[in-house]
Amino acid sequence: MIVWSCIVLGCIGGVLSAAIIVCRRFLADYGLCAIDVNSGGRTLDVAGGQTLLEALRSAEVFLPSGCGSRASCGLCKVRLTDGGGAVLATERPLLTQGDIRGGIRLACQVRIRGPIAIELPPDLLAVRLYRARLESAGMLTHDTRRLTFALDEPLEFHPGQYVQASIPTPDGPVFRAYSISGSSADKKRIELIVRLVAGGAGSTYLHRLAVGGQMDFAGPYGQFRLSDDPESELICVAGGCGLAPVKCIVEHLLSARPQARCRLFVGAKDSRDVMLMGFFGGLAGRHPDFSYVYSLSNPRAGPADWAGRTGMIHHAVAHELAPGGGRQAFICGPEPMIAAVTRVLIEKGLSRADIYADRFEAARTWTPAG
Amino acid sequence: MTESGFTEAAAIILAAIFTGNILLHYFLGMCSFLACSREISTAAGLGLAVTFVTVATAPINWLIYNCLLAPFNLTHLWLLAFITVIAGFVQVLEMVVERVSPTLYSALGIFLPLITVNCAILGASLFAIIRGYNVWQCLLYSLGAGLGWMLAIVLMAGLRRRMQYADMPAAFAGVASAMVIAAIMALAFMGLGGVIEMKLALSK
């Protein structure tokens, strides 16, 4: 009885496996396909049947991607000028009508079945993979870790840019975006500030990584550029872990132009989440035109040892900032905070073009604003 | 086909769509029903994919049961065998559709991996055996079951779309109201039960 059961089930499984193998061999084999980048600028020959994102990665072109090809982050948007088939239902929620008309697709959903032509910004073609070793690490708050990595080769980046960490998982590597928080003077070292997100693949891995551990990064990504005008004042507003790129920007600005005018606003939930206050205190001592404000949105959730400002961070900006234009602003934090702060800054006389926002969410929904 | 044969075929299909709706009467395939019923186009695409796979796998499973499992007295293996067949078939189908028709693939393809473990598909294969249908009746029943599932999810998507504009207590919005709507739809579908029984009685 048992023998017959095994034989019959084995036969069914065998027939199905054979059918799948035959289909894989003859139906799912698309041969080599050519990807034309920037109308003849570069031609990549990749194996067909894989997604555009995987194919580009195999050809060492690293598009940003934060969700592990689940079509939920929208970071891997790319313009297709030829080929690629119809827009899939999985892409539609992340594409606007204008995107669809302009040929924008999600690279993680487009499957390569023939020749295809794409357009990539030159910045992205400069992105490459770096091998790094964790040099030192320490906790900044109860759930936030600062990690310093030594890179194998120097990485040229602008303050405010981010890298994608390749996180090994049982299903292959997934990429997670982290802003560079260290000074841009030292090209062979990058510093990240990572908050532990419950169940997050990237933050859990980075929090457990021991000193000396190896890690791969692709980068740099992000379009923020500091204004060259020495008279221009910089306003930085950070919520929670959004302080990471802001730290890099402020540090860079003050070392390049010690007399630069800069205001920093930092929002945190309660006193346990306050980080880098001593660091900014030191900067303010050396640079008279730099000042900072910390504000706690929910001080009663933590220990009652906070004597500073309380309330949502956009209220602090509205209260402290004098009206006037000609200033540049960098906001980094969760979406509702960015919306509220942007409103306040426009009321204060800043133009929308001078406000750069960087949405800083848990990995699955992370998207850079442009 | 004789007149009684035609009536019987119509009764099997109509009963599978309306009175014995696999979703609203047997509560099979609930997870994708609740998760994918926000947009009518998505619901229709998923419904079409489920119908397609149900119609294709139920006769295969019927043949496996009656030509392989029953003669060797191995009917206790039916669950294992059916699940294997459905999962393997969906894999093959996905590759064939992707190669043969990119248009069909863009409409159905993304749903195929989702429905590998849809219990409505397994349910249709099992019910066809339990009810002692022959292979043609099994084919008709699986078509009715698939169409019934599609009808239910498309109706649900339409209703949920209207519910978006309804002024509803926050705790009741989303899945809670969807469950109540599903229950009312099930009651409405059961109300059609008498019609089919009457038709069968008249034909005899």
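A:Val3, A:Trp4, A:Ile7 and B:Phe72 together make a nonpolar surface patch of about 390 Å². A patch here takes in residues with over 30% relative accessible area and no salt bridge, with nonpolar side chains (Val, Leu, Ile, Met, Phe, Trp, Tyr) joined within 5 Å and like charges within 9 Å. The areas come from the Shrake-Rupley method with a 1.4 Å probe, and for residues only the protein chains shown count as cover. The model is a predicted one, so to speak of local features takes a pLDDT of at least 70 and side-chain atom pairs count only at pLDDT 80 or more, while totals for chains, interfaces and linings use all residues. Residues are numbered from 1 along each chain as its sequence is written, chains are lettered from A and ligands numbered from 1 in the order in which they are written, and side-chain values use heavy atoms, with hydrogens and water left out.

Helices (H or I, at least four residues) and strands (E, at least two) are DSSP runs numbered from the N terminus. A:Val3 counts as exposed because its relative accessibility is 57%; the cut-offs are under 20% for buried and over 50% for exposed, with partly exposed in between (1.4 Å probe, protein chains only).

Next comes the second largest pocket, with a volume of about 760 Å³. Of its 35 lining residues, A:Thr51, A:Gln109, A:Arg111, B:Glu94 and B:Tyr105 are the closest to the centre. A pocket is an open set of points on a 1 Å grid over the protein atoms alone, where a 1.4 Å probe fits, with protein on both sides within 12 Å along at least five of seven lines; lining residues have an atom within 4 Å of a point. Points are joined across faces, edges and corners, and the volume is the space filled by probe spheres set on them. In chain B, helices H4 (78-100) and H5 (102-108) each supply at least two lining residues, and H4(B) gives the most, with four. The lining splits into 15 nonpolar, 12 polar and eight charged residues. Nonpolar covers Ala, Val, Leu, Ile, Met, Phe, Trp, Tyr, Cys and Pro, charged covers Asp, Glu, Lys and Arg, and the others, Gly among them, are polar.

Then there are the salt bridges. Side chains of opposite charge can pair when their charged atoms come close. With a side-chain nitrogen of Lys or Arg within 4 Å of a carboxyl oxygen of Asp or Glu as the test, the whole structure has 20 of them over all chains. In one, A:Asp216 meets A:Arg131 at 3.0 Å, N to O. This pair links strand E11 (residues 214-221) to strand E6 (residues 128-139) of chain A, with the partners 85 residues apart. A:Asp216 is buried at 17% relative accessibility, while A:Arg131 is partly exposed at 47%.

A:Glu233 and A:Arg261 also pair up, at 3.7 Å, N to O. Since A:Glu233 lies in strand E12 (residues 233-239) and A:Arg261 in the loop between helix H6 (243-256) and strand E13 (262-268) of chain A, the bridge ties together parts 28 residues apart in sequence. A:Glu233 is buried at 11%, whereas A:Arg261 is partly exposed at 38%. Elsewhere, A:Arg146, A:Glu191, A:Lys247 and A:Glu251 are joined into one network by salt bridges that share partners.
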